[in-house]
Amino acid sequence: MNEITQQTRPLQDLSSHVLARLEAMLDAPAWHGGGRLPPEAELARQFGVSRPVLRKALVKMREAGRIVSRRGSANFVQPRADVVAATTDIQSLSIQTVFDMKRCMRFRQVVECAAAEDAARLCDPEAIRGIEEAHRRMLTLPRGEGVLDADFAFHMAVAQAARNPYFTFALGTMRNQIKLTMEFTRKLQERPADQVAPRVVEEHGRVLEAIKAGDPALAREVMNFHMRQSVIRLLGEESG
């Protein structure tokens, strides 16, 4: 890359370009066991950029957990474990019995209470606006539109507000299972698919307010109450 190109290309574009090259480099088998990166000056020359541009890319690598800094400016690559494919396919976890439903709800209870707690601890204004929008959607759901998507969007917004991709991944992979439990509940209660239960909206509102207040303990408590009430509505009993 020549000097003119460096001067005309925006700094952000350059750092993104370097980040992509760094990621590709560290994906090579030679780096799977970790190791020390070359000095910043050498890396900058190798990529044909200035050190400030390189450092912006390195910051992103640290945030992603790919590298760590030790002893001053030295950067070390984190070893990557060989991940073995899970023996249980998520698609095979179908809801076929009441016992399946109880286990699904119990897992959701653990995950979603933790997500609500972390969301309140972070109290990120942008993320809270996402939760508010999802809550508003349930309050103004048009006639004929199913509740599932709006309800699921609220819980996903809470998970996203925790700023931990594992929460959103866990809920996202469970969408079909969650849909089946909700459909089962509606059939038991003979409730139309587009009818929003006022109790559910109220419970969602309490979760939202606790997160907005930045109260992690309260957010966990009210989400836990909501999940326990969901089990009661579904099965007529408390969760284990």
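Here is a short chat about the model above, in questions and answers.

This is a predicted model, where local features need pLDDT of at least 70, side-chain atom pairs count only at pLDDT 80 or more, and totals for chains, interfaces and linings use all residues. Residues are numbered from 1 along each chain as its sequence is written, and side-chain values use heavy atoms, with hydrogens and water left out.

Visitor: How many helices and strands does the protein chain have?

Guide: Helices (H or I, at least four residues) and strands (E, at least two) are DSSP runs, numbered from the N terminus. Along the sequence they read α-α-β-α-α-β-β-α-α-α-α-α-α-α. That comes to 11 helices and 3 strands.

Visitor: Is α6 roughly parallel or roughly antiparallel to α10?

Guide: Axes are lines fitted to C-alpha atoms, for helices over the stretch in contact, and angles run from 0 to 180 degrees between N-to-C directions. Helix α6 (residues 125-139) packs on helix α10 (residues 198-212) with axes 10 Å apart and an angle of about 165°. Angles under 35 degrees count as roughly parallel, over 145 as roughly antiparallel, 65 to 115 as roughly perpendicular and the rest as oblique. So α6 and α10 are roughly antiparallel.

Visitor: Which residues of α10 does α6 meet?

Guide: Contact here means heavy atoms within 4.5 Å. On the α6 side, the residues are Ile128, Ile131, Glu132, His135, Met138 and Leu139. Across from them in α10 sit Val200, Val201, His204, Gly205, Leu208, Ile211 and Lys212.

Visitor: And by class, how many nonpolar residues are in the contact of α6 with α10?

Guide: Ala, Val, Leu, Ile, Met, Phe, Trp, Tyr, Cys and Pro count as nonpolar, Asp, Glu, Lys and Arg as charged, and the others, Gly among them, as polar. By that scheme, the contact has 3 polar and 2 charged residues, and the nonpolar ones number 8.

Visitor: Is Glu117 buried or exposed?

Guide: Glu117 belongs to helix α5 (residues 98-122). Buried means under 20% relative accessible area, exposed over 50%, and partly exposed in between (1.4 Å probe, protein chains only). Glu117 has a relative accessible area of 18%, so it is buried.

Visitor: Which side chain makes a polar contact with the side chain of Glu117?

Guide: Leaving aside neighbours within four places in sequence, Glu117 touches Pro216, Ala219 and Arg220. A polar contact is a pair of N or O atoms within 3.5 Å; within protein, one must be able to donate a hydrogen and the other to accept it, and residues adjacent in sequence count only if both atoms are side-chain atoms. At 2.7 Å, the partner is Arg220.
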